[in-house]
Amino acid sequence: MDLDYKKNDLSQVIAADKAHVWHHLSQHKQYETTDPRVFVEGKGLKLWDATGREFLDAVSGGVWTVNVGYGRESIANAVRDQLIKLNYYAGAAGNVPAALFAEKLIEKMPGMSRVYYSNSGSEANEKVYKMVRQIAHRKHGGKKWKILYRERDYHGTTIGTLATSGQPQRAEQYGPYPEGFVSVPHCLEYRKQWDVEDYGRRAADAIEEVILREGPETVGAIVLEPVTAGGGVILPPRGYWERVQEICRKYDILLHIDEVVCGLGRTGLWFGYQQYGIEPDFVTMAKGVASGYAAISCTVTTERVFDLFKEDPSDSMSYFRDISTFGGCTSGPVAALENMRIIEEEGLLENTIAMGARCMANLKALQEKHAVIGDVRGLGLFLGAELVKDRSAKEPVDEKQAQAVVAECLAQGVIIGATNRSLPGFNNTLCLSPALTVTAEEIDRITDAIDVALTKVFG
Ligand code: PMP
């Protein structure tokens, strides 16, 4: 088939898609009532669909992924050259880009030391859960096997990671789940659970209460997003992370930071945890690592954790007995190397801070104008606007209304996101996460579209 989309009629592609593709996150009535949108080309933040229509993508491929923007020939060329040399070898052998990317990555992560490769955010997180369980067996007589997670956070789509889903609707109907995953309260200050001054410290103290209830000798790790993404763009309150770190040290609990969204520049630093001076034991990352040019995820840990898996002559099972078949693909790390070079050489961290500030200022101006915006929050190019029926009661708008705003933006050719079907009653936050290359004109176009959409939906 001739794949020159701009010249061809793509009705065959649309018919094939409609007949045979089972799309992610889609309700079946959609297949019956509408043609699927099929994207065919991208450049920077621009996307074109099969009908030739142009869009401005303010969510980096729908889910915070394409950090360096679409159409990067240098990444395509680096991957092509590497695939011709060597595409793959699995298991205990190394390969050139995997070694070089690990070295570069660790340079950006003082205190960390080892990189374990796999393919998706869920998989990277599962690797940590397995490591924690194995450490419990090897070092704590089978105890310290529980893993804590936080309400509203999300860590993936496998059964293991769904067992740590703080977003109930994602986990519904897929149980029963494995034991030993325990929830702690969320820390969203806008929706305070405790009426106290020092909210950050109080929210972290709530974690200690769960640890004491479960028994500190049973808790091995806690997994947290540095800034919660799909759960509503939640920035931890002041004082929160210091206290979390203190609690982890006090009870010898490993701290796992899920950087699947924040990783590789989204907040304006290489990693979200670096905004807060956190010293994690595990860091996982996926989406921005290669900006969607190849499937790659990394589980990064310290030499101290790595050493816990050193061969024990009396135990032939003591090493980490895990493999990821496609963790042996060279396309991931070679794309990741080029992705990192682009972020550095084009000054994209600096651009993220500058454009993030502009976007925040624009959203604050919209908040002045539209009473429906109850709260605006974010860090770098990771922003959210929570919509409420009235500001004093903070009652969330209906999920359908938040979706109507997304649809009205789409009608203007701007793709934004919203928390959707994951938190009953709270799917009311508009989400923005444009590529880190975004310009001032593009930021203004995105927030202008939201302005128009809010007026249409709420008057
Ligand atoms: N962790 C976080 C914070 C995420 O947002 C996601 C994906 N949205 C995942 C993990 C899972 O990543 P994946 O879909 O690549 O398995």
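1. A word on terms before we start: the domain bounds used here come from an automatic or database domain assignment. On that basis the protein is divided into domain 1 (37–68 + 347–458) and domain 2 (74–345). Please keep in mind that this is a predicted model.

2. Next, the overall build. The secondary structure comes to 15 helices and 15 strands. Along the principal axes, the C-alpha atoms of the protein fill a box of roughly 65 × 60 × 45 Å. The radius of gyration is 22 Å, which agrees with the value near 23 Å that a compact globule of 459 residues would have.

3. How much of the protein is buried? Of its 459 residues, 46% count as buried. Contacts also reach across the sequence: among those with a separation of 6 or more, 72% are accounted for by residues 24 or more positions apart.

4. The centres of domain 1 and domain 2, taken over C-alpha atoms, are separated by 26 Å. In all, 33 residues of domain 1 are in contact with 30 residues of domain 2. On the side of domain 1 that touches domain 2, the elements giving two or more residues are helix H3 (60–64), helix H13 (348–369), strand E11 (373–378), strand E12 (383–387) and strand E15 (429–432). H13 provides the largest share of that side, with five residues. By class, this side of domain 1 has 16 nonpolar, 12 polar and five charged residues.

5. The nonpolar core deserves a look too. The largest one has 116 residues, and those with the most contacts inside it are Val132, Ile222, Cys298, Ala335, Ile416, Leu430 and Ile446.

6. Leaving aside neighbours within four places in sequence, Ile446 is in contact with Leu56, Ala58, Val414, Ile416, Leu432 and Pro434.

7. Finally, the ligand. Which residues are closest to the ligand? Of the 16 residues that surround it, the closest are Ser120, Gly121, Ser122, Gly156 and Val260. Helix H6 (residues 121–139) gives the largest share of this shell, three residues. The residues of the shell divide into six nonpolar, eight polar and two charged.

Note on methods: Residues numbered from 1 in each chain as written. Predicted model: local features only at pLDDT ≥ 70, side-chain atom pairs only at ≥ 80, totals over all residues. Near = placed C-beta within 6 Å. Helix = DSSP H or I, 4+ residues; strand = E, 2+ residues; numbered from the N terminus. Nonpolar A, V, L, I, M, F, W, Y, C, P; charged D, E, K, R; others polar. Core = buried A, V, L, I, M, F, W, Y, C linked by C-beta atoms within 7 Å. Buried ≥ 20, exposed ≤ 12 C-beta atoms within 10 Å, placed from the backbone. Contact = placed C-beta atoms within 7 Å. Rg over C-alpha atoms; globule rule 2.2 N^0.38 Å.
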